[in-house]
Amino acid sequence: MAGSPLFSTPRPARESGSEVTSALARLVQRIEAEQPELHALLLVHHGELVVERYRPGHSVTEPHRLYSVAKSFTALAVGALIDDGRLRLTDRVAEHFPEKLPPTVHPWITAMTVEDLLTMRTAHRITSFTQTDDTDWVRSFFSVEPAQPPGTQFAYDTSASVVLAALVEKLSGDRLENFLLQRILAPLGFGAEARTVPGQPVLEARRSPLGLTAAQRGGRPSWEPVPENPQGVTHGGSALFCTARDLARFAQLCLAGGRSGERQVLSAEFMAAATGWQAPTADENFPCLENRQGYGYQFWRTRHQGFLAWGIGGQIVLCLPAHDLALITTGSSFERSDGHQMVFDAVFEELLPALTPVGTPQTTLSIPGETL
């Protein structure tokens with residue numbers, strides 16, 4: 001997709017009599033009718049961007065805050081360090097941050113491993129930096145009283161993602177977003193659209209408010225990120241910014257098991273573990289059916305053998321390897337708890353029955369596509 005002409009207008013599905021094209025048209029119509037708060041809708045099939053649609057007021061060059069989709073990006077950065085031999089899944093995270101530990105450390109805190117944080121099976125059941133006025137989000141992860149032995153029970157914990165981001169920054173010596181670009185994303189064409197807009201960052205992130213006073217934080221509470229702060233760590237759990245097309249590139253890399261063209265960007269072993277089933281999920285705060293399919297390394301599992309990077313507000317990166325298919329949405333549907341599930345149901349009910357799984361004679365979507 002990098003280097004190709006930009007699309008100034010959305011491309012509708014080309015009408016034909018084929019079952020697949022009709023199913024795709026129904027899918028697009030259903031999602032756009034049921035989800036008016038979505039900003040962008042993209043579909044990637046067999047490495048081609050076959051659908052790209054934007055609501056009025058939104059465009060191909062617009063950066064979106066990723067919210068919890070950022071967690072999956074952070075996982076890839078951790079995977080790169082593991083692949084490079086600079087980190088192990090079994091490393092005890094506290095040992096990498098001796099300067100952040102309280103005088104007396106609970107044994108459940110010191111026992112947490114990198115894999116515990118990746119799988120959201122930490123010693124906490126509630127995001128730790130929301131439980132204190134401490135603006136050092138890493139320190140609070142180790143000082144807030146734990147609730148359970150690590151590795152035992154899934155509990156969605158954004159502080160785990162933040163600490164993983166801090167770990168990447170400590171070991172790489174660079175900001176999370178810079179490390180991601182240099183080590184993983186730039187060779188994929190990531191940020192190609194952003195570079196067409198002067199002054200727009202390719203991959204942007206917000207930071208923790210470490211060291212800032214309440215006045216310097218501009219009224220933000222201690223658990224909200226700030227646009228810039230040299231002392232803080234990148235909010236790798238909920239504050240990266242990129243375009244919808246970049247999410248499509250990210251999805252294609254994940255679908256391909258960490259491979260881009262002839263280059264194995266991330267090991268197939270790590271990608272299989274990250275996007276595979278690692279832990280059962282039973283979190284009542286997430287009512288969608290997809291939240292009950294299990295969790296990998298900062299990725300959700302879904303029905304139909306899929307996996308998912310997911311953020312509030314209608315942000316979805318749904319990958320279905322059995323059909324070499326990815327659906328990407330961005331939006332602002334913060335008030336609709338059923339919005340995500342309606343998108344998943346539309347894909348599973350309208351499109352999947354018309355597609356031939358990988359490994360059998362393929363039916364490709366008959367729409368002009370662009371190679372990723």
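Student: Is T21 buried or exposed?

Tutor: First, the ground rules. This is a predicted model, where local features need pLDDT of at least 70, side-chain atom pairs count only at pLDDT 80 or more, and totals for chains, interfaces and linings use all residues. Residues are numbered from 1 along each chain as its sequence is written, and side-chain values use heavy atoms, with hydrogens and water left out. Now burial: buried means under 20% relative accessible area, exposed over 50%, and partly exposed in between, with a 1.4 Å probe and protein chains only. T21 has a relative accessible area of 2%, so T21 is buried.

Student: Where is T21 found, and what does its side chain contact?

Tutor: T21 is found in helix α1, residues 19-34. Helices are DSSP runs of H or I with at least four residues, strands are runs of E with at least two, and both are numbered from the N terminus. A polar contact is a pair of N or O atoms within 3.5 Å; within protein, one must be able to donate a hydrogen and the other to accept it, and residues adjacent in sequence count only if both atoms are side-chain atoms. The T21 side chain makes such a contact with the side chain of S18, at 2.7 Å.

Student: Which side chain does E193 join in a polar contact?

Tutor: The side chain of R249, at 2.9 Å. E193 is in the loop between α7 (176-185) and β4 (204-205). E193 counts as buried because its relative accessible area is 2%.

Student: How many disulfides are there?

Tutor: A disulfide is a covalent bond between the sulfur atoms of two cysteines. The cut-off here is a pair of cysteine sulfur atoms within 2.5 Å. By this rule the count is zero. C242 is in no disulfide, and its nearest cysteine sulfur, that of C254, is 12 Å away. The sulfur of C254 has its closest cysteine sulfur in C319, at 5.6 Å, too far for a bond. C242 is buried at 1% relative accessibility, and C254 is buried at 4%.

Student: At what angle do α2 and α8 cross?

Tutor: Axes are lines fitted to C-alpha atoms, for helices over the stretch in contact, and angles run from 0 to 180 degrees between N-to-C directions. Helix α2 (residues 69-83) and helix α8 (residues 244-255) cross at roughly 50°, and their axes come within 12 Å. That makes α2 oblique to α8. Under 35 degrees counts as roughly parallel, over 145 as roughly antiparallel, 65 to 115 as roughly perpendicular, and the rest as oblique. Contact means heavy atoms within 4.5 Å. V69, S72, F73 and L76 of α2 meet L247, F250, L253 and C254 of α8.

Student: How does α2 pack on α7?

Tutor: At an angle of about 65°, with the axes 10 Å apart. Among the residues in contact are F73, L76 and A77 of α2, and F179, L180 and I184 of α7.

Student: Which residues of α9 are buried?

Tutor: In helix α9 (residues 268-275), these are F270, M271, A273, A274 and T275. Their cover includes α2, α8, β8 (300-302) and β9 (306-311).

Student: What does Q293 touch?

Tutor: Leaving out residues up to four places away in sequence, Q293 touches W277, T281, R301, T302 and R303. Q293 lies in the loop between α9 and β8. Its relative accessible area is 25%, so Q293 is partly exposed.
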